Amino acid sequence: MHLLPPTRQKNYSLPVNKLKTEVIKINENDGLEKYEKAAKLILGGEVVGMPTETVYGLAGNAYDEKAILKIFEAKGRPQDNPLIVHISEFKEIYDLVSEVPENAKKLAEKFWPGPLTIILPKSEKVPYCVTAGLSTVAVRCPSHKVANNFIKACGVPIAAPSANLSGKPSPTKAQHVYDDLNGRIPLIIDGGESLEGVESTVIFMAEGTPKLLRPGNVTLGQLKSVLGEVLVDKAVLNPLEKNQKASSPGMKYKHYSPNADVTLVKGSYENFCEFVNSHNKAGVSAMVFKGEGENLSCPCFVYGDRNDYRSISNRLFDTLRELDNEKFTCCYVRCPDETDDDLAVMNRLLRAAAFKVTEV
Ligand code: TXA
Ligand code: MG
């Protein structure tokens, strides 16, 4: 067994929950007038929960330092972890970055709007509190119609991390945002369930060979089909080594953790069942693929079809949150295939398990 201590993130001074958090439903066919209240809050320096196709984000005006501080405060997020800036169409990128190389343009043409974040040298307009002092900025153009309309209605670029309390699984439903941030933010836009289910692919293109920092549903293969060579940061599938500098500050922190103790179990289905059944006691649960629950004696959560990585990513965070709702203390998770397509899910599961992996 490979066991590493998690980086505990418990000592935040979180704000007192003093706001009344309103939830408004907006669907993709609603007109821009429906966004008036939320846009007014953003332009007044407030923060708002917003749906995207990947996960819900906690939105603030990227040009407003006070709003950015509110984002960090509401989430209890370490301030050295930079935010992604969201735009509604490609041309808005020129306000945020000092140059757009040809290969980044090609990538955006192919995958924007969509679940892809591109890191480039920042322009002077982007405050350093957004980039946590870095000279680069992460930019993404979401495809979710409500997110896109909301950014348009605000008329400013929107900085937004995932709208969870720092360290918790990312939210894929408005209810998840409410569960984590009720009382800390004034408004959540409920635009339905996030269909991708894992956060965007993050690629560093500020210098040298493009490098994948966080896998997502724009896969490594798809990136390579446009860019040719793409490096993969070692921290995508490995814990940071002592004294190793993180390419992406977010890699340093414990992530996606339910209260249940998660263990990723590698090996055949038969061995998985034998292992889990022999460890079954009160509080134990399992996360398995479609059709795999029947030979297990503990409560099981199906988190997708083994042969369809999108179905797995879609249910992943929701399932991790369900473990907590049902008060499980331990969860054994069937390991996905270790292909390029499954990288995003592997990356999240390894972190949810604090890199605790058992081979059976
Ligand atoms: O799908 C997504 O990307 C969602 C939705 C809301 O758009 N957002 C999201 O943001 O996942 P967040 O803050 O939870 O994750 C952003 C990641 C962090 O790991 C952060 O360290 C990294 O991107 N990042 C942001 N700016 C960076 C930069 N300039 N250089 C390196 N890493 C950066
Ligand atoms: Mg996050």
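What follows describes a sheet with its packed helix, and then a pair of helices.

This is a predicted model, in which local features need pLDDT of at least 70 and side-chain atom pairs count only at pLDDT 80 or more, while totals for chains, interfaces and linings use all residues. Residues are numbered from 1 along each chain as its sequence is written, chains are lettered from A and ligands numbered from 1 in the order in which they are written, and side-chain values use heavy atoms, with hydrogens and water left out.

An open sheet with parallel pairing is formed by 5 strands in the order 14-13-15-12-16; helices (H or I, at least four residues) and strands (E, at least two) are DSSP runs numbered from the N terminus, and two strands pair if DSSP finds at least two bridges between them. Strand 14 (300-302) and strand 16 (357-359) each have a single partner strand, so one side of each edge strand is left without a neighbour in the sheet. Strand 13 (residues 284-288) runs parallel to strand 14 and is joined to it by 3 bridges, and A286 stands opposite C300 in strand 14. Helix 8 (residues 269-278) packs on this sheet, touching strand 12 (261-266), strand 13, strand 15 (330-334) and strand 16, where contact means heavy atoms within 4.5 Å.

Helix 3 contributes N103, K106, L107, K110 and F111 to the contact, and helix 7 contributes Q222, L223, V226 and L227.

Terms used
Axes fitted to C-alpha atoms, helices over the stretch in contact; angles between N-to-C directions.
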